[in-house]
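Colleague: Please take a close look at one part of this model for me: the charged side chains that pair up. Then set that part in its wider surroundings.

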Amino acid sequence: MTTAAGELKKGSFRFPLTESLLLLVAIFWGTSYGLTKSALLYTSVLVFISIRFSITFLCMLPVVIRDFRRGLNKDWKIAIPTGFILSAIFFCEVFGVSQTTASNAAFLISLSVILTAFAELVINKKRVSNTLWMLTVCSVVGVVLLTSNQSIELSLNSGDYFILAAAVLRALMVTLTKRFTEGKVITTTTLTSLQSLVVAAVAIVCALAYLPAEQIVIPTNHEFWLLVAYLVLFCTLFAFYVQNYAVRRTSPTRVSLLMGSEPLFGALFAMLWLQESLSPVQLLGGALILFSVVVTSTKET
C-alpha cells in the first residue's frame, strides 16, 4: 500500500505521514462538535456554514490562482461534483444532530466506515482485504460501546435518517474523490478550495431563499470569530485538504477507518476539557477503536 514519502519499512511500529495526518483530522473533528454548538449560539446554521466555507475558500485562493497560472489544474471541473456531495453531508449532519441523540449520531455516522468498503468494491472495483474488513467491524463495535452511556434506539426517527444519509454520503465522498482524481491534473489545494466554494455557495443560496432577512446577520462577537478561526483552520481547511491528499495516495477504506476514530478523540476531549468520565464498557470501546487505528496505520492491510 502506497503512503506518503517517508513511510518506514514494513513491520515498523511507527505511524507513516499520511496516517498521522488523518489521525490529526480525527482529533480536530473530535473537538469540533462542542465548538460548533458554541458558535451556533451567535448565528443560524446556514449563515455559519456560509462564513466557515467562504473563509476557507478565500484562504486558499492565492495558492489556487498560482496553480492555475502554472497549468496544474486542467481538470479542475472534477472538484464540482464532490463539492455538492460535501454540501449534502454538512446539511444532513447538522439537521440530523439537531433531531437525534449524540449516541445514535455517533453510531450511525460510524457506519460510513463499512459503507466505504462496499462503495470501494462497487464503484472503484477494488477488493478490501479481510484484515481491513475485520478492523472496520472492530471500529464500529468500539463506537457502539463508547456511546453506550446512552441507549441507542433501534427505531429510527427523521434525525437518524439524516445521519444515516450523511454516512452514505461520506462513503461516496471519499470513494468518488479517489475515482475522479486518479490520473487527473488538479492540485489537492485546488480540489479542496473548489469543494469549499461549492459548499459556501449552496449555503448562501439556501440562506437567501429560506431565511428571514433579520436572521442573515454577520456576528460581531469576538468569541464567535475565535471559534470560526479554529474551525476554519483546523477542522475545515486542514481537515479536508488532508482527506483529499490521503484519498489520492491510499485506499478510501483506510482513510474512512482512520477518520472514523473521531468519536474516540471526542470522548478524550470531553474527559480532559469537560472533566467527564468514561465507564469500563466505554473504555473498552475506546480501546477497540484505538486497536483498529494502530493496526491500520502501522501494518499493510
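Modeller: A salt bridge is a side-chain nitrogen of Lys or Arg within 4 Å of a carboxyl oxygen of Asp or Glu. By this rule there are four salt bridges. The model is predicted, so local features need pLDDT of at least 70, side-chain atom pairs count only at pLDDT 80 or more, and totals for chains, interfaces and linings use all residues. Residues are numbered from 1 along each chain as its sequence is written, and side-chain values use heavy atoms, with hydrogens and water left out.

Why look for such pairs? Side chains of opposite charge can pair when their charged atoms come close.

Take Arg170 and Glu93. They form a salt bridge, with the closest N and O atoms 2.9 Å apart. This pair links distant parts of the chain. Arg170 is in helix α7 (residues 158-181) and Glu93 is in helix α3 (residues 79-97), 77 residues apart. Helices here are DSSP runs (H or I, at least four residues), strands are runs of E (at least two), and both are numbered from the N terminus.

Are these two residues buried or exposed? Buried means under 20% relative accessible area, exposed means over 50%, and partly exposed lies in between (1.4 Å probe, protein chains only). Arg170 has a relative accessible area of 18%, so Arg170 is buried. Glu93 has 13%, so Glu93 counts as buried too.

Arg170 has another partner. Glu262 forms a salt bridge with Arg170, and here the closest N and O atoms are 3.8 Å apart. Glu262 lies in helix α11 (residues 262-273) and Arg170 in helix α7, so this pair ties together parts that are 92 residues apart in sequence. Glu262 and Arg170 are both buried. Salt bridges that share partners join Glu93, Arg170 and Glu262 into one network.

Asp67 is buried, at 3% relative accessible area. Arg66 is partly exposed, at 38%.

A pair of aromatic rings is described by the distance of the centres and the angle of the planes. Rings of Phe, Tyr and Trp (its six-membered ring) pair if their centres lie within 6.5 Å; planes under 30 degrees apart count as stacked, over 60 as edge-to-face and the rest as tilted. The structure holds 13 aromatic pairs. One of them joins Phe90 and Phe240: the centres are 6.0 Å apart and the planes are at 50 degrees, so the pair is tilted. Phe90 lies in helix α3 and Phe240 in helix α9 (residues 222-247), so parts 150 residues apart in sequence are tied together. Phe90 and Phe240 are both buried. Phe224 and Trp225 form an edge-to-face pair, with 5.2 Å between centres and 85 degrees between planes. Phe224 is buried, at 0% relative accessible area, whereas Trp225 is partly exposed, at 32%. Ring pairs also link Phe28, Tyr230, Phe234 and Phe238 into a cluster.

Last, the whole chain. The protein has twelve helices and zero strands. Of its 301 residues, 50% count as buried. A contact means heavy atoms within 4.5 Å. Among contacts between residues at least 6 apart in sequence, 89% join residues at least 24 apart.
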